[in-house]
Amino acid sequence: MNRRRGHEEEDGYERLHRKRRRVSENQEIEDRLESLILRVGEKSSSSLESNLEGLASVLEADLSTFRVKILRILTECAIRMPEKCTIYATLVGLLNAKNYNFGGEFVDYIVKTFKENLKCGKWNAARYCLRFISDLVNCHVLAASSLLTLLETLVDCANEDSVPQVRRDWFVFAVLSTLPWVGRELYEKKESQLDHLLVTIEVFLNKRSKKHWPALKVWSADSPHLQEEYLDCLWAQIKKLRQDNWSEKHIPRPYLAFDSILCEALQHTLPTIQPPPHNDGDSYPMPRVIFRMFDYTDCPDGPVLPGAHSIERFLIEEHLHNIIEAYHLERKECAAQLLCFPYKAKIPLEYCIVEVIFAELFNLPRPRYLEICYGSILIELCKLQPATMPQVLAQATEILFMRIDTMNVACFDRLVNWFSYHLSNFQYRWSWEDWEGCAQLDPDHPKPRFIREVLSKCLRLSYHQRIKDMVPETLAAFVPLKPEPIYKYSMEGAASLPGTEAAHQLVVCVRNKCTPEEALNVLRDLPNPLREGEAASTHAASYNPLKIDVFVQTLLNLGSKSISHSFAAISKFHYVFKILAESEEAQICVLRNVWELWQRHPQMVCVLVDKMLKTQIVECSAVATWLFSKEMASHFVNAPLWEILHLTIDKMNKHVSKLSKELQEAREALARADSSSSDSEDESGSKKKKDQDKPTEEAVERMEERLEMGHTDQKRLFLIVFQRFIMILSEHLVRADTDARDPLTAWYTTTVGRLTQVFLLVSAHSLPLITWYSTTMGRFSQNINFEQTM
């Protein structure tokens, strides 16, 4: 009996072992198939054609077992690696020629994927899906008439009423961007239908509003390079392609080698595809302006840079953008992939790469990735290509510097950040002597301001003496002052100041590790200047500026050794800050004293203000009011002030977004708990646990109140900022008119640019707001009073 049981156990073990072995073998085959599909088209000892033919035979043999896996991998590869679209289309064409049923299944699968991407708002994936579907026409998998029906349906979406323009734009862009791949085939087989499609697109483009265009331009002038809106530029490139009989020289077309096989295959037709309707929560890609920095005259002898309206320029730039998107998290790999660009022998690759990277960096309203991402990639490119890339980058920097007079202020700041970071990685070597003429220009002129701000940012990454030594004597006036605190209570003549004695007592007290209450006790007997003389009748004396002056300057001076020391001082005496700075006027007084102490070290001011916002010592509205105060007028165009304003706006926006997200999650949790409680009343244990996790209605109401308060604070911040801008610019125009002076000074241009920058920061994802702003600023640039346009 024991022997029999042993045999049964052994048989069971063998069955289990065989099952595991079978599963393991299947997994190995799946992994091998996936690897083969992924790597097809890479460098190999065999030709691409023989690799495709061999892979098609392998996949055909495994279709019966791994059909779903093969469908999924082919589709995902075509979307994630759009540069290999024609390779995978050829592979599908060969499989369709061998197995018609599989071809039909693949068409159904790619159509399903296309619909899902449209429904989920994955616009890039949907566009690559459409491109792949179009390329299947070239491989005789799909009928040309069937594709044209789909393209016409998509273009019809551009004529929908009561939908955002960005939605209509996307459908036209998606159709136009597929034509380089399939235009020739449609031209040969369905010329009249193709012409009708293009006429419909041209009518749409002629009626389309482009009021957002001025706000998204890198330069305010279109010389020497025209800054075109992206759809206009692509349309010009498609028209040029059409003039050339739809012939281009960039897209690899491996299916031409299999034309005799593919042309005998039966073709499929696409099912009816109706894009999903617009929903209020849908988000679409924002419009952009095509960045141009080089033309063929800027490139030395060698391959010629394709013209701005040649389709090759579009294809090259899109391919480079895709490489950056795929590898932006790995700077070394990204640089290597950019330099391994196919067809690099046919183009001046370094110029194309630099132009594309700066296009991403200067993209408005915001770059796609962190600014430092592009700086780090450029550094790696210089390391990998030391013979050419540094020279091209230096040439690009000179071109940007020469055109900086008309550069958008947001792009100006990004250029400052990049250039200072780049210099810090190459020993701060630069031909500063070439810029000596800037010392004779107006200090508010963009060129001297650029040098001044670059050196200020370099100081953050180095030390003062190093910056001083690297600049020639003629530019010494641009070197920032040594970053050290100005503590007035220890300077000459401090004895006559009213708070000196209390300041010295506070120093001793803090060094003896006093408590916040003891520090307040030291300040207790200081008189309030607002209650003396004429000030008493005009102020309610809700705060004591002398107490704030003594406390803030003394405490932060004691913590001036490092940022960490300052943060520790703020944390320990947070209670004192809250007591002294209860009102907005008191908070502005705190900020004024921070600036007075650290005005030679703008980075420290920025860091301390950020810390005070996080710890709620000061409110965002107080920061905005302080920045636009008359005391800060002489520093108004300096970058550090705008850095503080931007972080303040960003912090407020994040706070409101966080409250909104928390409220939405609480509402969803409450709705789920209510619905599940009615369905599972019998399961008392699980119901009890759900009740514990369920937010109460009172908690949701409190969240709603906090969100409402957040929205109120946000509106108040924006109102303060824009009202102050209106007042400052209007005053300037009135003074210029009174004095019969030209109002378009460097200061005025910079201030209007700062207003644009702030507005784009506020409305980064809203095309209607950007459009309204562009229209308004178009009037304002003609010296019309801004208040009349509100």
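Keep in mind as you look around that the model is predicted.

Let us begin with helices that pack together. Two packed helices are described by the angle between their axes and by how far apart those axes are. The crossing of H8 past H9 is left-handed. On the H8 side, the residues that make the contact include Val172, Val175, Leu176 and Leu179, and on the H9 side they include Leu194, Leu197, Leu198 and Ile201. Sorted by type, the residues of this contact between H8 and H9 are 12 nonpolar, one polar and four charged.

What is the hand of the crossing as H15 passes H17? The crossing is right-handed. H15 brings Glu371, Ile372, Gly375, Ser376, Leu378, Ile379 and Cys382 to the contact, while H17 brings Arg414, Asn417, Trp418, Tyr421 and His422. Between H15 and H17, the contact residues comprise six nonpolar, four polar and two charged.

H17 has a further partner to look at, helix H32, which spans residues 746-762. The axes of H17 and H32 come within 8 Å and cross at roughly 90°, so the two helices are roughly perpendicular to each other. In this meeting, Val409, Ala410 and Asp413 of H17 touch Thr750, Gly753, Arg754 and Gln757 of H32. The residues of this contact between H17 and H32 divide into two nonpolar, three polar and two charged.

Next, let us look for empty space inside the protein. Rolling a probe the size of a water molecule over the atoms shows where such space is left. How many cavities of 30 Å³ or more does a search of the whole structure find? The search finds one. The largest cavity holds about 30 Å³ of space. Its lining is made by Leu627, Phe628, Phe636, Leu641, Trp642 and Leu645. Helix H29, residues 639-679, gives the largest share of that lining, with three residues. The lining of this cavity has six nonpolar residues, with no polar and no charged ones.

Finally, follow the backbone through some of the loops. Most peptide bonds are trans, and most residues other than glycine have a negative phi. With that in mind, find Ser223 and Pro224, which are joined by a cis peptide bond with omega of about 5°. Pro365 lies in the loop between helix H14 (349-361) and H15. Where is Tyr343 placed? Tyr343 is in the loop between helix H13 (331-339) and H14. Although Tyr343 is not a glycine, its phi is positive, at about 65°.

Key. Residues are numbered from 1 along each chain as its sequence is written. This is a predicted model: local features need pLDDT of at least 70, side-chain atom pairs count only at pLDDT 80 or more; totals for chains, interfaces and linings use all residues. Side-chain values use heavy atoms; hydrogens and water are left out. A crossing is left-handed if the near helix is turned anticlockwise from the far one by less than a right angle, and right-handed if clockwise. Helices (H or I, at least four residues) and strands (E, at least two) are DSSP runs, numbered from the N terminus. Contact means heavy atoms within 4.5 Å. Ala, Val, Leu, Ile, Met, Phe, Trp, Tyr, Cys and Pro count as nonpolar, Asp, Glu, Lys and Arg as charged, and the others, Gly among them, as polar. On a 1 Å grid over the protein atoms alone, a cavity is a set of points where a 1.4 Å probe fits but cannot get out, and a pocket is an open set with protein on both sides within 12 Å along at least five of seven lines; lining residues have an atom within 4 Å of a point. Grid points are joined across faces, edges and corners, and a volume is the space filled by probe spheres set on the points. Axes are lines fitted to C-alpha atoms, for helices over the stretch in contact, and angles run from 0 to 180 degrees between N-to-C directions. Angles under 35 degrees count as roughly parallel, over 145 as roughly antiparallel, 65 to 115 as roughly perpendicular and the rest as oblique.
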